[in-house]
Amino acid sequence: MSAGNLFVIAAPSGAGKTTLVGMLLGQDPLVRLSVSYTTRPPRPGEKEGVQYHFIDIQTFLSMRSRGEFVEWAEVHGNFYGTSRAWLAQHMAAGEDVLLEIDWQGAQQVREQFPGTIGIFILPPSIEELEHRLRGRGQDSDDVIQRRVAGALGEIRHVDEFDFVIINKDLQTALGDLLAAVRSTRLRLPRQRERHPDVFRFLESH
Ligand code: 5GP
């Protein structure tokens, strides 16, 4: 067994997941974030290999048929997938790996790796979520209602996760996320694997 932990983190859009994950990586250098493959076009400011590996549908489908994704899903009409090879390599190295994926992907990962730790980020209320999804007020009511419905669809899966972080105040939510990661590391089986020398006294007494 490897000494690393596998985390999946999911949230409805508007919960602040990407911001929180970015802050987590800044504060906890031991966490490795997987860069997913997607058929979604890059948004302004997004760079190949940083937020995503941007690929066309044909490439995605060939990779999928070769079994190169450990999980994949269609979200809002685009395909997303996690590299099986990348995950295997970093898990084998005993690293703590984080997958920022949706509930469908989280289910597939949990099935294959039963020790997966699920973290879900919630907005403080539906009203606040709707307010955040309205953004700068440039979108039609129709578009906003579709976003809210999509967010509710994700939230319905919250009880499949181990930790729930309510993002009302960003610094508090970051503290909670760091605590979830650190407390997972402190669980007995992991501590035994990481610090065999400390546990050796049990055998000699
Ligand atoms: P966005 O296009 O806004 O970056 O992401 C849309 C949704 O797709 C988010 O919920 C995000 O977590 C999810 N997502 C991103 N990468 C993956 C992936 O590799 N697999 C799955 N299943 N979902 C992903």
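Let me begin with the largest pocket, which has a volume of about 1400 Å³. A pocket here is an open set of points, on a 1 Å grid over the protein atoms alone, where a 1.4 Å probe fits, with protein on both sides within 12 Å along at least five of seven lines, and lining residues have an atom within 4 Å of a point. The volume is the space filled by probe spheres set on the points, which are joined across faces, edges and corners.

This is a predicted model, in which local features need pLDDT of at least 70, side-chain atom pairs count only at pLDDT 80 or more, and totals for chains, interfaces and linings use all residues. Residues are numbered from 1 along each chain as its sequence is written, and side-chain values use heavy atoms, with hydrogens and water left out.

Which residues lie nearest the centre of the largest pocket? Of the 42 residues that line the pocket, those are Ser 13, Thr 18, Arg 43, Tyr 52 and Tyr 80.

The space taken by the ligand is this largest pocket, in the sense that more than half of the ligand's atoms lie within 2 Å of the grid points. Around the ligand there are 15 residues, among which Lys 17, Ser 36, Arg 40, Tyr 52 and Tyr 80 come nearest, where being near requires a heavy atom within 4 Å.

Turning to polar contacts, which are pairs of N or O atoms within 3.5 Å, the side chain of Arg 40 has an N or O atom 2.5 Å from an oxygen atom of the ligand, and a polar side-chain atom of Tyr 52 is likewise 2.5 Å from a ligand oxygen atom. On the side chain of Asp 102, an N or O atom lies 2.8 Å from a nitrogen atom of the ligand.

Terms used. Polar contact = N/O pair within 3.5 Å; in protein donor to acceptor, adjacent residues only side chain to side chain.
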